[in-house]
Amino acid sequence: MWSEAELDEALADLHSGPETRQDELSRARAALLRAAGEVEDDLLPATAPPVKKRPAAWRWIAAAAAAALVSGGGIVATNVFTGDNGPAPAAPVTLAPADDVLKDLHSSDLPLAGRQYWLSTESVWTTRIGKKSGVIYQTHEIHERWLPSDWSLRHMTRFRRTGEVRWIKGDYETARSAGDLIPGAEVVTGWEGAHPPPVGGPASTSEAPPKPSSTTTSSPPEAPVSTQRDNPTGTSWMILDKEFLDALPTDPAKLLERLRGDNPDGEANTAPEMFRMALSVLRSSHGYGDLRVALCKALAKVPGITVETNVITPDRRPAISFSVREPDQIKTFVVDLATAHLTSYGAARNRTDPDFPGLTLFDTTVTTQVTDREGP
């Protein structure tokens, strides 16, 4: 802690150049002492208004800001010190570090016993536009994935298009009269993962959910994440296995380096690319709670990623959201604060879109339960 003599000397040095009024120095010295907790109220000069005590972590920040204001330094502060009847101190203009933003984020997983599975269910409403009629509607798809604790096993998936339709613009009659066909109910099972399916397992009817006919309706530019993944990259962020997940660091700084640098082209990944990589892991990282927390903290430090803490999950639990803007859309996913599990993700057109401003492209709700079944 500084002594009064040291404070006097520091203030004198600050003002050794331009002349400074003594009453300004007196007020600044009082503010410094009060912020540092060195004197009681009855020892403050009469020119200094009574101030509220600040938490210890802010005392020297406030003191430094006060000194800079008096000396004409480069720090700009508003309401650094206020009286009892004054406004509350202004919030710092700099963003809080990611660790502070995510200080309430914790991890938890439903335990598995024996050959049990995590059944991850993604309920998706996908927006489609009739090419001929211009109708706008949403179809309902359900993606189910039976995730094992043993990542050496490839796991089963099922895609179901329920046949449910939500109309945004137009109706069935308008679409049919113009020649647009509306996708009906459909069920497809398959396998997912980096390793081959076990011998004797059920055959896959398709490796991917079927896409609607391109001759009748147009799909959004970014369809929901499906059971069919892109070809594996050199880093396997999009097709996961146990070895890859085990090798990912749980230190946010090191994980951020991987997010930026894992690119077969040798170039740094962009914010949208890192967003997709993180989402891929969060969809499948059951049993890797520390990794999920680290991934969220790493992503929060990426320029171009927006973090919102005042959000809730679809079932109204405290959550945190991550968003990234692309040229034609904004993508978002939401993570439960208590478990660090993905609870929803989706995309919407930018509000500046000339044709469909703010139009939801897809909206996915994610739930997980434990089951003894290895598939449908």
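Mentor: Let's take the ground rules, then the strands, the cores and the loop.

Mentor: This is a predicted model, where local features need pLDDT of at least 70 and side-chain atom pairs count only at pLDDT 80 or more, while totals for chains, interfaces and linings use all residues. Residues are numbered from 1 along each chain as its sequence is written, and side-chain values use heavy atoms, with hydrogens and water left out.

Trainee: How do β8 and β9 run, and how many bridges join them?

Mentor: They run antiparallel, joined by seven bridges. Strands here are DSSP E runs of at least two residues, helices are H or I runs of at least four, and both are numbered from the N terminus. Two strands pair if DSSP finds at least two bridges between them. One of the bridges puts I330 with A348 in β9.

Trainee: And the turn there: which residue takes a positive phi?

Mentor: A340, near 60°, in a hairpin with five residues between the strands.

Trainee: What does β9 do on the β10 side?

Mentor: β9 pairs with β10 in the antiparallel sense, over five bridges. G346 stands opposite D363 in β10.

Trainee: Why is β9 called largely enclosed?

Mentor: Because seven of its eight residues are buried. Buried means under 20% relative accessible area, exposed over 50%, and partly exposed in between, using a 1.4 Å probe and protein chains only.

Trainee: Switching topic: which residues have the most contacts inside the largest nonpolar core?

Mentor: W237, F322, F333 and V335, in a core of 43 residues. Elements supplying at least two residues each include α8 (271-284), α9 (289-300), β7 and β10. Such a core is a set of buried Ala, Val, Leu, Ile, Met, Phe, Trp, Tyr and Cys residues joined through side-chain atoms within 4.5 Å. Apart from it lies another core, of five residues, among them Y117 and W146.

Trainee: What does F322 touch, beyond its neighbours within four places in sequence?

Mentor: Its contacts (heavy atoms within 4.5 Å) include L102, F275, L299, F333 and V335.

Trainee: Last one: where is N350, and is it buried or exposed?

Mentor: N350 lies in the loop between β9 (342-349) and β10 (360-371). At 5% relative accessibility, N350 counts as buried.

Trainee: What's around N350 beyond its neighbours within four places in sequence?

Mentor: N350 is in contact with several residues, including P327, D328, F356 and G358. The backbone oxygen of E326 also lies 3.1 Å from a polar atom of the N350 side chain.

Notes:
Polar contact = N/O pair within 3.5 Å; in protein donor to acceptor, adjacent residues only side chain to side chain.
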